[in-house]
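Please have your viewer ready.

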Amino acid sequence: MGLGLAVQVSADSNGMDMSMDGPMALAEGQMLPYLHFTTGDNLFFLGWVPKSTGAMIGACIALFLLAIIERWIAACRSLMEAHWRKRSKARLEARHARTFSTDSDEKDEKMEKDVEVVVPVLPHSSGSILSRRNIPPFVPSQDIVRGIVFVGQAALGYAFMLAIMTFQAGFIISIAVGLGVGETLFGRYHEHAHL
């Protein structure tokens, strides 16, 4: 019985405090598991710990500006997609026009040689080739840029998630307001791109 009590005592006093009632001590700052306005939370890096009011305001301004930049990147991406869609459509229509003009010249020559053979000429609409191909071809100059822009947008999204996971209410408010301001400034470009 004495041995069982000794094992239990040594297991309980192994130096780890497993309660989640207080702040989690980190190397430079602390992490409170509830919404708070206190200073001392790590933001992205171990060395970026706003401990004064001025540092907190600076971190909040930085997050606000990053949120606006994220909305700007989304607007740029929408405009690029619209531009690429128009270019792709123009290329397919030009290819279709070349094919149609070559086919019609051959049919005209055949009709001139043999008058008795009637070859029906079906009207071609410029949308017929577009409706057959739903996925545009891979164009490296477009698709590589699309991937890079998406990486930037995803990285900002994950950075915002990490900032929100600190439970620092100032960070959360700064990100939300920045996204709202960014959408106000750049949201119309997204809507215009889909017209």
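Does His-36 count as buried or exposed, and what is its relative accessibility? Keep in mind as you look that this is a predicted model. His-36 has a relative accessibility of 5%, so it counts as buried, because the cut-off for buried is under 20%. You will find His-36 in the loop that runs between β2 (30–31) and α2 (53–113). Leaving aside residues up to four places away in sequence, His-36 touches Asp-41, Thr-166, Phe-167, Gln-168, Ala-169 and Gly-170.

Now turn to helix α5, which spans residues 169–193 and holds Leu-185. Leu-185 counts as partly exposed, because its relative accessibility is 41%. Leu-185 also belongs to a nonpolar surface patch, together with Phe-37, Ile-173, Val-177 and Val-181. The patch covers about 450 Å².

With those two places in mind, let's step back to the whole chain. Five helices and two strands make up the secondary structure of the protein, and along the sequence they are arranged as α-β-β-α-α-α-α. As for contacts between residues at least 6 apart in sequence, 67% of them join residues at least 24 apart.

How values were computed. Residues numbered from 1 in each chain as written. Predicted model: local features only at pLDDT ≥ 70, side-chain atom pairs only at ≥ 80, totals over all residues. Heavy atoms only, no water. Helix = DSSP H or I, 4+ residues; strand = E, 2+ residues; numbered from the N terminus. Contact = heavy atoms within 4.5 Å. Patch = residues over 30% accessible without salt bridge, like charges linked within 9 Å, V, L, I, M, F, W, Y side chains within 5 Å. Areas by Shrake-Rupley, 256 points an atom, 1.4 Å probe, with all protein chains shown as cover. Salt bridge = Lys/Arg side-chain N within 4 Å of Asp/Glu carboxyl O. Buried < 20%, exposed > 50% of the residue type's maximum accessible area, 1.4 Å probe, protein only.
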